[in-house]
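Dear colleague,

I am passing on the structure we spoke about, and you will find it just below. My notes on what was found in it follow, and I would be glad if you read them against the coordinates.

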Amino acid sequence: MSIEADTWDSELSGVARTARWTAAARARETARPDRLFDDPFAALLAGADGDALLRHFHTERAAADGNPVLPIRTRWFDDFLRGSVTPGCQVVGLGAGLDTRAYRLDWPAGVVVFEVDQAAVLDYKQQRLARVVNVARCERRTVATDFTGEWGPALLDAGFDPAARTVWFAEGLLFYLPAPLATAVATQAAELSAVGSRIAVDLIGTGIFRLRYMRPFLDKLVEAGSPWRFGTDTPAEFLRQAGWAVEQVTEPGAAGTDYGRWPQGAPPVAFPQLPRSYLVTAGRSAGGPGTTPDGAAAASDAHR
């Protein structure tokens, strides 16, 4: 299934512009015969200048068909949700942006998906999707707010039940926030989570900010009004301090997380100055923070 993009007819700025960039990357992946996922709405959401955004944010050392991190990341989050969501549970997308999983994934019965993001982004997505699709594949509720303060009350007002099992995901969000705010978001999610809840996030290492060849890309993010602000070389500790019991830390290119797109493997752990992207899962257990949920794999010591 494919949907033709039409003209760009409204203004989105800052992080919202990078949301269209990642939508364009998902459209490019969807067009591949060996695609890792199928997002038939991505081109529409990227807008007519989606290809221009891909060229604009292209780093000088990226492959001609783009950075493999983005499609690997999307597929990894898809797999996490498919493996975590059970009938009747809640799903919360933090910084949901132009994510279309409510429309493109098959959900168990009774699932409610809450999409939390800026009102302008959610409105833009709704207006675009309304042209081509009538209903989501689950009950979908939008929560228009930002992450500069207490966003929990808005989520509760939308019908979120903190006593119910919840699956959270924050894809491409936390590194856009200052470190204290990123911690506050992860902490607030933990405080709203019942036992058995899970979360998946992606984080970047601090080496990204030090490498010279990354500077032009980072400068373009600044010019777009959406700079990357936060990185950590201890992703497991970041989530532990926020109240989560860490299950797994991996990276694009690691065993089981290359999807055939990163045959050279992940960067060596001994070199934190290299650009690193972490994919982390954690849960809420009866034992409290730091207690790994039953059946979950322990996080790698290298990332603690």
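The buried residues of helix α4 are Val 69, Leu 70, Pro 71, Ile 72, Arg 73, Thr 74, Trp 76, Phe 77, Asp 78, Phe 80, Leu 81 and Ser 84, where buried means under 20% relative accessible area, exposed over 50% and partly exposed in between, with a 1.4 Å probe and protein chains only. Because 12 of its 16 residues are buried, α4 is largely enclosed by the rest of the structure. The helix covers residues 69-84 and reaches 22 Å from its first C-alpha to its last, close to the 22 Å expected at 1.5 Å a residue; that expected span is 1.5 Å times one less than the number of residues.

Please keep in mind that this is a predicted model, in which local features need pLDDT of at least 70 and side-chain atom pairs count only at pLDDT 80 or more, whereas totals for chains, interfaces and linings use all residues. Residues are numbered from 1 along each chain as its sequence is written, and side-chain values use heavy atoms, with hydrogens and water left out.

Turning to the aromatic rings, those of Phe, Tyr and Trp (its six-membered ring) pair if their centres lie within 6.5 Å, and planes under 30 degrees apart count as stacked, over 60 as edge-to-face and the rest as tilted. By this rule there are 14 aromatic pairs. One of them is the stacked pair of Trp 76 and Phe 80, at 6.4 Å centre to centre with 15 degrees between the planes. Because these two residues are 4 residues apart in helix α4, about one helical turn separates Trp 76 from Phe 80. Trp 76 counts as buried at 8% relative accessibility, and Phe 80 does so at 6%. Elsewhere, ring pairs link Trp 21, Phe 57, Phe 175, Tyr 176, Phe 217 and Trp 228 into a cluster.

A nonpolar core is here a set of buried Ala, Val, Leu, Ile, Met, Phe, Trp, Tyr and Cys residues joined through side-chain atoms within 4.5 Å. The largest such core has 46 residues, and those with the most contacts inside it are Trp 21, Leu 81, Val 91, Trp 107 and Trp 228. A second, separate core of 36 residues includes Val 112, Leu 155, Trp 168 and Val 280.

For the protein as a whole, 55% of the 304 residues count as buried.

With best regards
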